[in-house]
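Please go through the report below alongside the sequence and the model. It begins with the pockets and then turns to the fold.

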Amino acid sequence: MDKLFAYAARLQETGIQVTRIGLIVVLVWIGGLKAFRYEANGIVPFVSNSPFMSFFYNYDAPDYKMHMNKEGEYKPENIAWHKENNTYGFSYGLGALIVGIGILIALYPVAPGVSAVGSFLAFGMSFVTLSFLITTPEAWVPDLGDAQHGFPYLSGAGRLVIKDAIMMGAALVTMSQAARRYLELKKSDLV
């Protein structure tokens, strides 16, 4: 058993690299999806109810509730409303930012200081995303008659958001490693 623990103890650096790769894949993939209508529509309840982001949209919450398409659903009148709301424009910008953060983190082998900044931005993004648990009514199971609604009963949207707690921790781990490597390289350049 001690050999197993000794082996596991040597995996910390590998674990950090796997964590970094996971962050990069998630950020680039999810950021890239922001260029598609269904993903842009899906973030509307979060953005509309957020004190940090609602000003990007032209219409206030809860106006969006009458204009939501299900994933894969095509309703031209709702698409027109989202165009007027700036749903798609904001989503494209947010997607570019998220992909950019993923790329910054990916630069670790050649620019650990830049990677540390990317991880810091991913940490901040996760903090904002987790705030949706407080600001977005759709994060909780609605009161539709069942006794299990509201806090602590996360809806599908809430379950999606709570996972950012893991991303927040992963961003801190990769930021710390990248910052340490940056300082090591800077110190070796001075000697």
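## Largest pocket

In this predicted model, the largest pocket holds about 1,200 Å³ of space. Its lining is made of 45 residues, and those closest to the centre are Ile30, Lys34, Glu39, Ile43 and Ile98. Two or more lining residues come from each of α2 (12-33), α3 (37-42), α4 (44-49), α6, α7 (112-135), α8 (156-162) and α9 (164-190).

Helix α2 gives the largest share of this lining, with seven residues. By class, the lining of the largest pocket comprises 28 nonpolar, nine polar and eight charged residues.

## Second largest pocket

The second largest pocket has a volume of about 160 Å³. It is lined by Gly42, Pro45, Phe46, Tyr64, Lys65, Met68, Glu138 and Ala157. Five of these lining residues are nonpolar, one is polar and two are charged.

## Helix α2

Helix α2 has 22 residues, and at 1.5 Å a residue it should span 32 Å; the distance between its end C-alpha atoms is 31 Å, so the two values agree. Its buried residues are Ile16, Arg20, Leu23, Ile24, Leu27, Gly31 and Leu33.

## Overall fold

The protein chain contains nine helices and zero strands. Along the sequence, the pattern reads α-α-α-α-α-α-α-α-α. The C-alpha atoms occupy a box of roughly 65 × 40 × 30 Å along the principal axes. The chain has 191 residues, of which 37% count as buried.

## Annotated segments

An unreviewed UniProt entry lists residues 21-38, 90-108, 120-140 and 160-179 under "transmembrane region". In the model, residues 21-38 are 83% helix and 0% strand, with 26 Å between the end C-alpha atoms. For residues 120-140 the figures are 76% helix and 0% strand, and the end C-alpha atoms lie 28 Å apart.

## Confidence

Mean pLDDT for the protein chain is 96, and 99% of the residues reach 70 or more. Where is confidence lowest, and where is it highest? The lowest mean, 93, belongs to helix α1 (residues 2-9), and the highest, 98, to helix α6 (residues 87-106).

Key. Residues numbered from 1 in each chain as written. Predicted model: local features only at pLDDT ≥ 70, side-chain atom pairs only at ≥ 80, totals over all residues. Heavy atoms only, no water. pLDDT = per-residue confidence, 0-100. Helix = DSSP H or I, 4+ residues; strand = E, 2+ residues; numbered from the N terminus. UniProt positions renumbered as here; feature names shortened; annotations may be inferred. 1 Å grid on protein atoms, 1.4 Å probe; cavity = no way out; pocket = protein on both sides within 12 Å on 5 of 7 lines; lining within 4 Å. Points joined across faces, edges and corners; volume = space filled by probe spheres on them. Nonpolar A, V, L, I, M, F, W, Y, C, P; charged D, E, K, R; others polar. Expected span 1.5 Å × (residues − 1). Buried < 20%, exposed > 50% of the residue type's maximum accessible area, 1.4 Å probe, protein only.
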